[in-house]
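This report goes through helix packing, a chain interface, salt bridges and backbone geometry. The sequence and structure come first.

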Amino acid sequence: MKNKLNVEIPGNLEGLGKLLPYKGAFERIRNLSAEDLRTVPVKVRAVMPGTSKLTDSIEKAVERSGLKNGGTISFHHHIRNGDFLLMKVMPILEKMGFRDLVLFPSSLANPHQGVWEYVKKGVVKQIHTSGLRGDLGKFVSRGGMEIPVVVRSHGGRARAIKTGQNRIDVAFIGAPACDREGNINGITGPSACGSLGYAMVDAMYADFVIAVTDNLVDFPLSPVSIPQYQVDTVTLIDKLGNPDKIGSGSTRLSTNPIDHLIAENAARLILNSEYFKEGMSFQAGAGGASLAVAKYLSDHMTEKKITGGFTIGGISSYMVELLKRGIFKRMYDVQSFDKGVVNSFHENSEHVEINADFYANPFNSGAVINNLDVVVLAAYEIDTDFNVNVLVDSHGYAQGASGGHSDTAACAKLTIVVAPTYRARLPMIVERVSTVITPGETVDAFVSERGIAINPANKVLADSLKNSKLPLIDIRDMKKETEKITGKPDPLEFTDKICGLIEYRDGTIIDTIKQIVEK
Amino acid sequence: MKEFKLRRTMLYIPGNNPGMIGNADIFGADSVLFDLEDSVAASEKDAARELVGSFIKNRGFSNIEITVRVNPMGSEYIRDDLIAVVDGNLDAVRLPKTNSKNDVRELEKMLEEVEKEKGIGRKIRIHPMIETALGVENTFDIALSSKRIDAITIGGQDLTADMEIVKTEKGDELFYARTRIVMAAKAAGIDAMDTVYADVNNEQGLIEETQMVKKLGFTGKAVINPRQIKPVHNVFRPASEEIEWAREVINAYEAALKEGKGVIAIRGKMIDPPVVKRAQKIIAIAALENGAEDEE
Amino acid sequence: MKIKNKAQCGSLESSDLMVFVEPADSLKIEIESSVKKQYGKSIERTVKEELERAGVKSVYIKIQDAGALDPTIRARVSTALKRGSK
């Protein structure tokens, strides 16, 4: 069957069951079925007082968990590019003889690209993730998975866990600070990574929770992000990760003049919108230009004496700076992008850790992004219908992440996608993106160094800006102008094989990852 | 031919940097200046001139004044520079280290030859760059030496070196050269462009220096980073009081014309024809800039 | 134009390309590019045009492209050929 974006979606896929086609950003939420609303209880555990939770190796912790072949294991990616845990656990599971596991991490970053070898060996059969990088992304895009990878947004993952669509048998939680009873936080210790927003959901719903720490502190730990009553066992290892690698380059304020031009345009668009007012809430993605928007926006806010209500998201040091300066009153942090953010937790009580359910889950009584006024997001590609791809790169490989992109785009009142018109010759505006992560109906504007393209679907916004002095341009004209400079690219070629499914935040299938034809 | 009414900023782009050349026209500078001289190593002169020439020819950059700083007269490079960059899309050549009217005349001759050889109908303009003591003393002669000249410019870095002094933050040592160059430009009826402000991270310093040279009579300033464009444009934008004053002058002037009065006065001050001319220019600049940056 | 020496031009930075030329008995073009899937054919066309413009019939020319625009490719190829003919 075809979904709303005219993508052919199989009704059933072995290992993944029945698939629902995407029908529109809020269609499923508007028409919830009885099945959608079923309640899935958390597995009850009970221990005798005085039982020790400490296990002296990961093997023993896994034995204690009762993990079986085909079981689902989860990890968080809060230590990002510095994470050691997942790749430490995989060879242990292999050695213990496990097969056909479902790998269900909050995302996979560069240090995890070796996972493909465990797929080859049969240890892992399925992968559910937000992101794919390096060799693993190439492996997937070349058709390496027997069962397609499922790519989810952060909000969509919280929904899948909470609704029982995916049951986590064992959650491995890298714990930068942990006491013997399993109280955990992410803000102290040698591997401190800040917020544990994604891990918090896993701890709440997993059947068995293994805390793995390199920093066993005296009981009781404070503050507590994940409480002891959700944690079944605690294992001490020598090193969880390298916190210097938590921050990727993308979290610094860009020095590229093109990024600044884009950011100035985007900030002017916000300034001219109805949302630029006292109490405005704002989120900026981690890309160079998106973060620079925060800079220009804060300049406008200072000049017009406006204080923002809250800022939210993956948090970088630059946003911490804006909180400190009082540009925004509060900051919600589901994931900390660099080490500087960790210190802010100790210093600033307005810097609040939230979990992925609170952040972006569409199936709860109201995630905080429902209150978001403006979000600025990056893109690998955008098409003339404003659909955005942040996953499949210009070589046709899955080398990115869904993240909170589609969640925030759907919920924010003003969604702005920013990108240069071309990067190293490749135009960013295409006829149709290779893989849709965020549907065009949830995107209000595309801003580049060459101007501002308003999505004509948002007629109210388009009309309200008609008489402004903004550099408005039709996205098709921007595409034409760009191709005059770059030349028209030949399209990538894909086969019909489905290598991955892009699950929209509401659980419907919005697109697929196709197999790239190597030329 | 393209018409350029404003020349507040000229953005320097190193001639051997394809990434920056490709984006030269999007930062909002009034002119771009592809540099083949100081920013290009001797071993890369051939590559840079060919790169700049290729972009001018194949890309065009139709909405912006395109200028190239070639190597100085007497260098082994200048003729090859011109052969590579002269094109129907090129607007002006900046001649560094112009010492005398002979330098300009020699360049004019070379330009004529290359234009003829390439069958280019238009006359590419010349922007002499004054950056030697000798050049400063010859400025007026230089300004009048060719009809192709429509702007003259000062190069502060090399000039202070030639004067065997240090270029300071405040730039007092350039005062004589600046005023001399401005006066020559005004006398010749051409634009006067100021030298670059090197500290790209000091926006306040840039603004203060631009305010100072605007007061002296400069019409624009060379910039080395896109971030410097907006602050310079802001300084050169007529202030609202200035525009108001100019309107008043023009209204009074027009009323006086109607009534056949010989003497005009506003706010108790006599208004002469040069003042009316200045008022008209302010209104013209304001009209050109209208719609550029101020919105709610 | 005859290619008499090994020569090169350009850089490996983004938006640039490296061109290597070498005397050869026939025409051999080798192209590596970060955008080969989208612009491989276009780059080859441009290189051939520049070879023709320079009147070079036999050369071994190798391109390592990092997403250079067409005017850059033309300039770098042309300079490399001129350098190789000296």
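Angles between axes under 35 degrees count as roughly parallel, over 145 as roughly antiparallel, 65 to 115 as roughly perpendicular and the rest as oblique. The axes themselves are lines fitted to C-alpha atoms, for helices over the stretch in contact, with angles running from 0 to 180 degrees between N-to-C directions. Helices (H or I, at least four residues) and strands (E, at least two) are DSSP runs, numbered from the N terminus.

The model is predicted: local features need pLDDT of at least 70, side-chain atom pairs count only at pLDDT 80 or more, and totals for chains, interfaces and linings use all residues. Residues are numbered from 1 along each chain as its sequence is written, chains are lettered from A and ligands numbered from 1 in the order in which they are written, and side-chain values use heavy atoms, with hydrogens and water left out.

**Helix pairs**

| Helix pair | Axes come within | Crossing angle |
|---|---|---|
| α8 (residues 175–188) and α9 (residues 203–216), chain B | 10 Å | roughly 45 degrees |
| α1 (residues 36–54) and α2 (residues 70–84), chain C | 9 Å | roughly 40 degrees |
| α10 (residues 317–324) and α11 (residues 339–347), chain A | 8 Å | roughly 30 degrees |

At its angle, α8(B) is oblique to α9(B). Contact means heavy atoms within 4.5 Å. On the α8(B) side the contact involves B:F175, B:R178, B:T179 and B:V182, which meet B:E209, B:M212, B:V213 and B:L216 of α9(B). Sorted by class, these are five nonpolar, one polar and two charged residues. Here Ala, Val, Leu, Ile, Met, Phe, Trp, Tyr, Cys and Pro count as nonpolar, Asp, Glu, Lys and Arg as charged, and the others, Gly among them, as polar.

In chain C, the axes of α1(C) and α2(C) cross at roughly 40 degrees. That makes α1(C) oblique to α2(C). Their crossing is right-handed; a crossing is left-handed if the near helix is turned anticlockwise from the far one by less than a right angle, and right-handed if clockwise. Residues of α1(C) in the contact include C:I43, C:V47 and C:L51, and those of α2(C) include C:I73, C:V77 and C:L81. The contact has seven nonpolar, two polar and five charged residues.

In chain A, α10(A) and α11(A) are roughly parallel to each other, and their crossing is left-handed. A:S317, A:V320 and A:K324 meet A:G340, A:V341, A:S344 and A:E347, giving two nonpolar, three polar and two charged residues.

**Chains A and C**

The contact draws 19 residues from chain A and 16 residues from chain C. Together the two chains bury about 1300 Å², 51% of it on carbon and sulfur atoms. In chain A, the residues losing the most area are A:A424, A:R425 and A:D490, together 50% of what that side buries. Buried area is the accessible area (1.4 Å probe) that two parts lose on being put together, summed over both.

**Salt bridges**

A salt bridge is a side-chain nitrogen of Lys or Arg within 4 Å of a carboxyl oxygen of Asp or Glu. Over all chains the count comes to 65, and between chain A and chain C it is one. C:K37 and A:E518 form a salt bridge at 3.5 Å, N to O. A:E503 and A:R152 pair at 2.6 Å, N to O. This pair links distant parts of chain A, 351 residues apart: A:E503 is in strand β29 and A:R152 in the loop between β8 and α6.

**Backbone**

Cis peptide bonds join A:F219 to A:P220, with omega about -5 degrees, and A:S222 to A:P223, with omega near -10 degrees. A:P220 lies in the loop between β13 (216–217) and β14 (233–236) of chain A, and A:P223 is found in the loop between β13 and β14 of chain A.
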